[in-house]
Amino acid sequence: MKILVCISHVPDTTSKINFTENNTKFDSNGVQYVINPYDEFALTRAMWFKEKQGANITVISVGDASVEPTLRKALAIGADNAIRVNALATDGFVVAKELAEVIKNNTYDLILAGKESIDYNGGMVPGMVATLLDYNFVNACVNLEIEEDKATASREIDGGKEVLSCNLPLVIAGQKGLVEEKDLRIPNMRGIMMARKKPLTIVESTTNETTTATTSFEKPAPKSACKLIDADNVEELINLLHNEAKII
Amino acid sequence: MSVLVLAESSKGKFKKSSFEVVSYGKKVAEQLETNLVVLTINATENETLYKYGAEKVLTVSNEALATFNVKIIANIVKQAAEKEKAQVIVLDSNANGLYVAPLVAVNLDAGYASNAVALPSSLSPFVVKRKAFSNKAFNNSEISTEVKVISLAKNSYGVFEDEVSGTSENFSPEIISTNLTSESIEQTTGKVTIADADIVVSGGRGLKGPENWEMIEELASVLDAATACSKPVSDLGWRPHSEHVGQTGKPVASNLYIAIGISGAIQHLAGINSSKVKVVINTDPEAPFFKAADYGIVGDAFEVVPKLIEKLKEFKANNA
């Protein structure tokens with residue numbers, strides 16, 4: 001089985017979010033970049049298939065050279081090879097088109113990605129890739145089993161889950177449940193050494209038609225301080241929720 | 001020209017979030033000086049949408065659509081958008097809405113902005129504000145394509161009545177074939193779900209063990225709220241994973257989020273930032289959650305929560 005795992009290179013969850021150039025650019029100063037947490041679930045599930053059923057794993061990212069350390073980390077975790085599409089990932093639709101183009105020129109049975117990236121939170125790339133290629137697609141996937149060319153996947157729905165079946169090729173947008181957080185992999189020294197020798201191919205961009213662009217960023221208005229209520233006076237909390245917040 | 005909204009229904013009935021997307025769509029249609037068309041699938045109360053400004057309701061009734069199939073629904077939205085010459089298509093940010101929206105965008109070669117939190121601030125260029133960086137910021141996204149797709153973040157706009165004398169029209173779209181099959185659906189029984197709840201009561205490690213969840217459930221019951229938990233609690237198996245709220249768990253956009261015995265790790269706060277009012281009850285006055293909360297009680301949950309339940313019951317009885 002040939003698996004492609006789509007990797008987003010994103011600021012670490014704990015990063016301070018700031019903007020420069022009159023709030024038009026993300027300030028990457030001092031920001032640590034990581035594999036998008038949702039993509040880690042996808043990569044770990046791919047590793048599970050590799051170890052249990054046998055698979056070849058390619059990881060792919062759309063970005064400039066700065067994304068390569070993130071791809072090398074994915075290789076250190078156990079992916080076999082990496083592709084970087086040399087384009088800036090400024091628009092989810094463009095990223096999807098770039099990925100679809102690579103997939104068209106190769107054959108993958110399974111394309112795994114996280115359900116969204118933690119920077120732009122668009123949640124659009126996997127579904128768009130699937131639609132551009134007319135592949136099946138399961139969003140918010142919390143379980144996936146493959147038997148020959150048949151897949152059984154579960155997706156989270158509001159208040160429950162749905163089990164779906166289909167043929168490969170398939171695109172999955174995964175989340176926690178695809179694997180558990182305790183099963184996520186950390187690269188070991190041997191993996192890091194081996195990753196240096198694994199192939200990282202650079203593919204040139206094929207599209208430059210953007211559909212969306214960020215004109216500016218904003219931060220939420222500063223929050224007023226937390227109103228502290230005496231533990232012996234819970235009635236005051238009820239009063240505030242009723243009269244001030246008008247919630248109850 | 002028109003604005004098209006997909007108003008989802010469950011067992012024929014619309015959810016509150018469907019009225020929110022219709023209210024939003026109505027205002028966008030006014031901004032664009034065009035009409036609002038609402039597409040419904042196997043809904044039984046279509047006329048209720050007139051109250052929120054639906055001038056025309058395109059109703060699809062088809063047994064084959066009893067279960068949600070993303071490819072089929074996205075194709076139906078495409079057909080409706082083409083029939084109505086829709087310039088803007090608005091969808092919900094629930095599990096189905098977020099599933100179908102990117103497919104609709106590709107089907108119509110349209111730019112897509114998810115998690116929109118406000119009306120377009122400009123029409124030419126078309127700019128809409130959306131959530132980014134796990135609710136730590138917003139970005140103003142310019143959609144440059146002729147047709148635009150927006151999914152509206154839950155509880156970000158509100159439900160507004162704007163009664164019109166609407167009309168309904170039966171619509172019989174082509175149903176495409178697909179080999180993606182729904183095998184089964186497991187619903188959480190009877191309880192309010194985190195996605196639908198206006199109020200969420202959440203417990204953390206401070207509750208010391210699963211045996212102490214009864215008071216969380218009782219508080220949730222008094223408030224007609226959903227129950228939730230922090231990541232360590234679900235990792236420890238005290239509560240199901242489906243209740244885990246946070247960056248890698250469920251996002252919460254409720255009106256009120258009550259965090260009990262949760263310190264407020266950054267990953268947890270990323271999941272609840274969209275909630276309007278946050279209350280924290282924690283013994284540790286230095287817990288980071290106090291910086292994110294609107295109201296706080298420094299105290300022992302085992303003393304505070306039972307008192308809160310008792311006083312809320314009295315409040316409910318007096319305000320019934």
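**Figure 1. Pro169(A) sits in the loop between E11 and strand E12 (170-174) of chain A.** Helices (H or I, at least four residues) and strands (E, at least two) are DSSP runs, numbered from the N terminus. The peptide bond from Leu168(A) to Pro169(A) is cis, with omega near 0 degrees. Chain B also has a cis peptide bond, between Ser124(B) and Pro125(B), with omega about 5 degrees. Pro125(B) belongs to the loop between strand E8 (122-123) and strand E9 (126-132) of chain B. The model is predicted: local features need pLDDT of at least 70, side-chain atom pairs count only at pLDDT 80 or more, and totals for chains, interfaces and linings use all residues. Residues are numbered from 1 along each chain as its sequence is written, chains are lettered from A and ligands numbered from 1 in the order in which they are written, and side-chain values use heavy atoms, with hydrogens and water left out.

**Figure 2. Glu148(A) and Asp224(B) have positive phi values.** Most residues other than glycine have a negative phi, and most peptide bonds are trans. Glu148(A) is not a glycine, yet its phi is about 50 degrees. This residue lies in the loop between strand E9 (136-147) and strand E10 (150-157) of chain A. Glu148(A) is exposed, with a relative accessible area of 76%. Here buried means under 20% relative accessible area, exposed over 50%, and partly exposed in between (1.4 Å probe, protein chains only). In chain B, the phi of Asp224(B) is near 55 degrees. Asp224(B) is placed in the loop between helix H4 (214-223) and strand E15 (226-229) of chain B. Asp224(B) is exposed as well, with a relative accessible area of 56%.

**Figure 3. Chain A and chain B meet in a contact of 75 residues from chain A and 84 residues from chain B.** Contact means heavy atoms within 4.5 Å. The two chains bury about 6800 Å² between them, 57% of it on carbon and sulfur atoms. Buried area is the accessible area (1.4 Å probe) that two parts lose on being put together, summed over both. The interface holds eight salt bridges. A salt bridge is a side-chain nitrogen of Lys or Arg within 4 Å of a carboxyl oxygen of Asp or Glu. One of them joins Lys176(A) to Asp235(B), with the closest N and O atoms 4.0 Å apart. On the side of chain A that touches chain B, the residues divide into 36 nonpolar, 21 polar and 18 charged. Ala, Val, Leu, Ile, Met, Phe, Trp, Tyr, Cys and Pro count as nonpolar, Asp, Glu, Lys and Arg as charged, and the others, Gly among them, as polar.

Figure 4. Two strands pair if DSSP finds at least two bridges between them. Ser165(A) has Thr181(B) as its bridge partner in E13(B).

**Figure 5. Strand E6 (residues 56-62) of chain A pairs with E1(A) and with E7(A).** Six of the seven residues of E6(A) are buried, so this strand is largely enclosed by the rest of the structure. Strand E1 (residues 2-6) of chain A runs parallel to E6(A), joined by five bridges. Cys6(A) has Ile60(A) as its bridge partner. Strand E7 (residues 81-86) of chain A is also parallel to E6(A), again over five bridges. Ser61(A) has Arg84(A) as its bridge partner there.

Figure 6. Ile238(A) is buried, with a relative accessible area of 5%. The C-alpha atoms of Ile238(A) and Ile248(A) are 8.0 Å apart, and the two residues are ten places apart along the chain.

**Figure 7. Thr207(A) lies in the loop between strand E13 (200-204) and strand E14 (212-218) of chain A.** At 14% relative accessibility, Thr207(A) counts as buried. Leaving out residues up to four places away in sequence, Thr207(A) touches Val94(A), Lys97(A) and Glu98(A). Its side chain reaches the backbone nitrogen of Glu209(A) at 3.4 Å.

Conventions. A polar contact is a pair of N or O atoms within 3.5 Å; within protein, one must be able to donate a hydrogen and the other to accept it, and residues adjacent in sequence count only if both atoms are side-chain atoms.
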